[in-house]
Amino acid sequence: MKVLVTGVKGQLGHDVVEHLLRQGITPIGVDKEDFDLTNEYETLYYVTQAKPDAVIHCAAYTAVDQAESDIERCCRINGQGTKNLVRAAVQCKSKFLYVSTDYVFPGTGEDPYEVDDPRGPKNIYGQSKMQGEVAVTSQMTAYFIVRTSWVYGVNGNNFVRTMLRLGEERNFLNVVDDQIGSPTYSDDLAKLLVDMIQTNKYGIYHATNEGYCSWAEFAREIMMRAGLLCEVRGIPTSQYKTPAQRPLNSRLSKKSLDAADFARLPHWEDALQRYLNIIR
Ligand SMILES: NC(=O)c1ccc[n+]([C@@H]2O[C@H](COP(=O)([O-])OP(=O)(O)OC[C@H]3O[C@@H](n4cnc5c(N)ncnc54)[C@H](OP(=O)(O)O)[C@@H]3O)[C@@H](O)[C@H]2O)c1
């Protein structure tokens, strides 16, 4: 099996390639230098030459705040770029897995979102990722869409790394405590995606590390496990202004993962410890 992975210079794409190699599957890892997703011709040419059996689409415009003032580029990459890639996959009859986000939901209430709950993104990034979902579902009848949240991995900058840096520099930090979700270690998610792409259990899934917490709880756990004495003070979102609005409720239900008999990912605290063991 030959699997084309986009976004290999990012967090998740990097780990997906590692897991493919571990399972003896041939990866074709690509990023911007190989072809620009927003260029329909380049994308079609590259993919039809490579003729992959499957595509795991991890590349995206992921700068959530910057997207608010860079709307056109964000939507071109996440919406049109995904459309171009799907079109190429259809031509090659490749399986397709699109990685999406909790930010497609509005984040109201306190219940975990089910896969078929109405979407309603609060920010441009979420809108663009929803456009990506539509690009998949409108062009294919069988696909995998996997929504995840709060991703961190060895190959990139992320919340954990920011907390470790600030934890060394400061005595205290204010972190929002009313946005609730699940941190996700890209290595755990990558393993699931590689298992999934080898099946025909098509559908929409939510996949994050188990358990829910606020960003402040996550930050405290990072400080504690890293032995940093920095105090984390919880503040409401209303006191932490950012260009992009973020959902308060990012809880994602794993029912569809259970129904298809895929193993859930480990608890987020367990994942965090494994990540810290590797990077520190
Ligand atoms: N990070 C999170 O917290 C999070 C949460 C939920 C869902 N997700 C989704 O999970 C997936 C993986 O996220 P990640 O954190 O691994 O992202 P990441 O680290 O930002 O990596 C994304 C990669 O895609 C590349 N890319 C951007 N535009 C491209 C284009 N036009 N053509 C080809 N490649 C392009 C980026 O290159 P440049 O860096 O050079 O632009 C980067 O190497 C994405 O689909 C994201 O939307 C992420």
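This is a predicted model: local features need pLDDT of at least 70, side-chain atom pairs count only at pLDDT 80 or more; totals for chains, interfaces and linings use all residues.
User: Hi! Which strand is joined to strand E1, and how many bridges join them?

Analyst: Hello! Strand E1 (residues 2–6) is joined to strand E2 (residues 26–30) by five bridges, and the two run parallel. Two strands count as paired if DSSP finds at least two bridges between them. Strands (E, at least two residues) and helices (H or I, at least four) are DSSP runs numbered from the N terminus. Residues are numbered from 1 along each chain as its sequence is written.

User: Thanks. What stands opposite valine 3 in E2?

Analyst: Proline 27. The chain gets from E1 to E2 through helix H1 (residues 11–22), and this β-α-β crossover is right-handed. Right-handed means that, with the strands pointing away from the viewer, the path from the first strand over the helix to the second runs clockwise.

User: And how many bridges join E1 to E3?

Analyst: Four, and these strands run parallel. Leucine 4 stands opposite valine 55 in E3.

User: Which way do the residues of E3 point?

Analyst: In strand E3 (residues 54–57), Ala54 and Ile56 point one way and Val55 and His57 the other way, and all are buried. Buried is 20 or more other C-beta atoms within 10 Å of a residue's own, exposed is 12 or fewer, and partly exposed is in between, with C-beta atoms placed from the backbone.

User: New topic: how many residues are in the largest nonpolar core?

Analyst: It has 70 residues, and those with the most contacts inside it are Val5, Val16, Ile56, Leu97 and Leu193. Such a core is a set of buried Ala, Val, Leu, Ile, Met, Phe, Trp, Tyr and Cys residues joined through C-beta atoms within 7 Å. Helix H3 (residues 71–92) gives the largest share, seven residues.

User: What surrounds the ligand?

Analyst: The ligand is surrounded by 27 residues, the closest being Gly7, Gly10, Gln11, Ala59 and Val151.

Notes:
A residue is near a molecule or strand if its C-beta atom, placed from the backbone, lies within 6 Å of it.
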